[in-house]
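Subject: Structure handover

Hi,

Here is the structure I promised to pass on. Please open it first, then read the notes below.

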Amino acid sequence: MSGNLPSSARIVIIGGGIVGSSVAYHLGAMGLTDVILLERGRLTSGSTWHAAGLVGQLRSSANITQLLGYSVALYDRLEAETGQATGWKRNGGLRLACNAERWTEVKRQATTARSFGLDMHLLTAKEAQDLWPLMQVDDVVGAAFLPTDGQASPSDISAALAKGARMHGVTIKEGVSVTGIEVENGAVKAVVTNQGRIACEKLVICAGQWSRVVGRMAGVNIPLVSIQHQYIITEKIAGVASNLPTLRDPDRLTYWKEEVGGLVMGGYEPNPKPWLADPLPEDFEFQLLQPDWDHFEPIMELALGRVPAMENAGIKQIINGPESFTPDGNFILGEAPEVKNIFVGAGFNAFGIASGGGAGMALAEWVAKGSPPFDLWPVDIRRFGKNHLDGDWVRTRTLEAYSKHYTMAWPAEEHHSGRPLRRSPLYDRLKAAGAVFGEKLGWERANWFADKATGELAEDRYTYQRPNWFDAVAREHKAAREAAVLFDQTSFAKFRLVGRDAGAALDWICANNTAKPVGTLTYTQLLNDRGGIEADLTVARTGEREFTLITGTGFATHDFHWIAASIPAGLDATLIDTTSESAVLVLMGPKARDILSSLTRDDISNAGFPFGRAKRLVVAGAPVLALRVTYVGELGWELHVPMEFALGVYDALITAGAPHGLRLAGYRAIETLRLEKGYRAWGAEIGPDHSPLVAGLGGFVKLKSGIDFRGRAALVEQAARPLPRLLAGFTAAPEVILLGRETIYRDGERVGWLASGGFGHTIGKAIGYGYVRNPAGVDAAYVLAGRYELEVAGERVAAEVSLAPLYDPSGARIRA
């Protein structure tokens, strides 16, 4: 024992704000008492104490909504459990819409709420005013009200969690500064403080704005930025009742809550100001920044238009408290990919009070059991990549994300800051050809191509109606089905697994059989111990001791970490990231063979190069690894080309393809094509909560092979009982716009929601995919026997269901 600190603890938590306290509380509740929480100052002294304290639940992810719902349920009981006041009340949450597009957004949010089991009510302007009498509603089109939302006292909620943690046997020490973190053999070993060293098995970083600095001590990147966030607290105002709902007025960029008979009002300005202190001061305890009234004044003017009584209200205090924000507006949870047994809970984007209870529960389970309680991909730290290593880039993107906090959440909206950063060798060629780019993990990727000959505008115009790229994507889609298209998919994450035991490692990691001859491709899922799909990728056996793995751009960090961590101990197998070595040109369509054969002397006939094979070719003078595979439902090849040869191969393909009607195509066409074919997308229809059996992918699992693999036992158990849900495809009339999260009704009863939505340009219908759920069991007969409707923006539309691909040219073209 040194300085009253233990010399060791099983788990160390750094940070005593609401999230650290919640993690401590939940670990203690699980019976883990060899846990110590270290706080440099006093509990809540960083940013928790000055948080506004609104608690909303609805998010675009069902599981994040569930997590926030857990917070509400926890706060309901916490005061009675601990005897510590929390200031929690379920006074409901009101959200306004002041124009037609915002009203569409709100109606879609209400549908999402119903999909996720929340009872959100759509109101008229007058009904909203009845709930919030102080506001004028001349410009209000409609509103939504969620009765189970609420507000809390941030310091009191945190104090209750900390008291509960102590009651469960967790140790909390204030006034302890962490000065270093010891890492040995890729895993955390100890935490060094100003009062001594604590050896530990696991470390949880919940240090708020200081988390990035703490992470660096161990070589862990935590991409977040401190941004100044201001709100005012008024004196008492006549007519402000204690049960006044929280109010969000996104078209005026403001939020409101009741506070001791007065009002708290803050907002999210379009020109946020970062807290540029570098490094952040270590003694910033229960402190605020100087108020910046000039910066806040535009928000105040917008607020006065909504609540005229504010004009004569006394201002008790203006709060300017820095808070941590992230580049995508989602918080950060999970095990750091750089160092084993270091976990992170940080970057809560000013909704740490709403998230704190659920985030602490989920992170505690992740720490204790090695996996989260459910799929948390939207907030998983492994969603970040190489572009997030640069602090300046992170700041630029985070400021943009903050500025969009209350702007319209448009379908398919792209960020514009910090671009371009990562570019394929073909970037300039594609841009000159009319490409409209999107961005993922810093990569510029062509989403669609404008027709420059007709003067088509080469930029996105966002809307909840048909977007301006609809016709362009239809052209690309048609070309893929009838002629040929060329995609630049250089941003694919590409890994090489090498070593004497590489094959044995994949036997364990992959659900499908990869023990095949050199030159064979395998489409496979990688499963967790519950049988859920952790990754979905292609494996090419390129040598006796070498495999090439290809996965999605956005999953680069996640999948590399999952694969590397899953290699059984003692095996000679090394995973190497080869993403930057090669460009990927994807040639697809019924004319693909005619085009490619004119550029190579190698045999690419169906006999010479069958479907599901990998082969090294020489194409237009370049050495190419060609994969006979498709994600769009057409004949084609992925051509992996060394970077220095990429432009030459591209130019040759464009020239050779011209007589065959070859067209450049982008990622939005890939999406419409794969929806028609019924191909699954990880992060949409499949993920850690869904097994191959419920996703209709059981045919890609080696259950009958006798080979053991991770997740096999769970699948065997699941296969022995009725499935709780089954993935199905749905079509609706062409004028219906499906975006995902629309509610599925079977024979009038809610049975799920769409995981994805789009349009099928070949079949001429709206398309969506979602799970049909029934606790008593679901099979094909149950799915197909129902009469279906989809709720879209509050209205039900007729839908047809299918378990087969909606468009399937496989016999004629893919394998020809």
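Surface first. The protein exposes about 29,900 Å², and carbon and sulfur atoms supply 50% of that area. Keep in mind that this is a predicted model.

Overall build

The protein contains 19 helices and 37 strands. Its radius of gyration is 27 Å, close to the 28 Å that the globule rule gives for 816 residues, so the protein is as compact as a globular protein of that length. The C-alpha trace spans about 80 × 65 × 55 Å along the principal axes. Of the 816 residues, 61% are buried. Now the contacts with a separation of 6 or more: residues 24 or more positions apart account for 72% of them. On charge, there are 83 positive and 90 negative groups. Their mean positions lie 5 Å apart.

Strand β19 covers residues 435–440. The hairpin has two residues between the strands. Leu441 takes a positive phi there, near 50°.

A covered helix

How many of the 11 residues of helix α13 are buried? Eight are, so the helix (residues 556–566) is largely enclosed by the rest of the structure.

Cis peptide bonds

Two places deserve a look if you check omega. Asp278 and Pro279 are joined by a cis peptide bond, with omega about 0°. Pro279 sits in the loop between β15 (262–267) and α7 (293–306). The peptide bond from Arg419 to Pro420 is also cis, and its omega is near -5°. Pro420 belongs to the loop between α9 (391–403) and α10 (427–432).

Leu253 is not a glycine, yet its phi is positive, near 65°. This residue is in the loop between β13 (246–249) and β14 (254–259). Is Leu253 buried or exposed? Its relative accessibility is 16%, and the cut-off for buried is under 20%, so Leu253 counts as buried.

Phe286 is another such case, with a positive phi of about 50°. Phe286 lies in the loop between β15 and α7, and Pro279 has its place in that loop too. The relative accessible area of Phe286 is 32%. That value falls between the 20% and 50% cut-offs, so Phe286 is partly exposed.

A covered glycine

Gly633 is in the loop between β29 (622–627) and β30 (636–642). Its relative accessible area is 0%, so Gly633 is buried. Arg725 is 92 residues away from Gly633 along the chain. The C-alpha atoms of the two are separated by 26 Å.

Best regards

Terms used. Residues are numbered from 1 along each chain as its sequence is written. This is a predicted model: local features need pLDDT of at least 70, side-chain atom pairs count only at pLDDT 80 or more; totals for chains, interfaces and linings use all residues. Side-chain values use heavy atoms; hydrogens and water are left out. Buried means under 20% relative accessible area, exposed over 50%, partly exposed in between (1.4 Å probe, protein chains only). Helices (H or I, at least four residues) and strands (E, at least two) are DSSP runs, numbered from the N terminus. Two strands pair if DSSP finds at least two bridges between them. The radius of gyration is taken over C-alpha atoms; the globule rule is 2.2 Å times the number of residues to the power 0.38. Contact means heavy atoms within 4.5 Å. Accessible areas come from the Shrake-Rupley method with a 1.4 Å probe; for residues, only the protein chains shown count as cover. Lys and Arg count as positive and Asp and Glu as negative; His and the chain ends are not counted. The place of a charge is taken as NZ of Lys, CZ of Arg, CG of Asp or CD of Glu.
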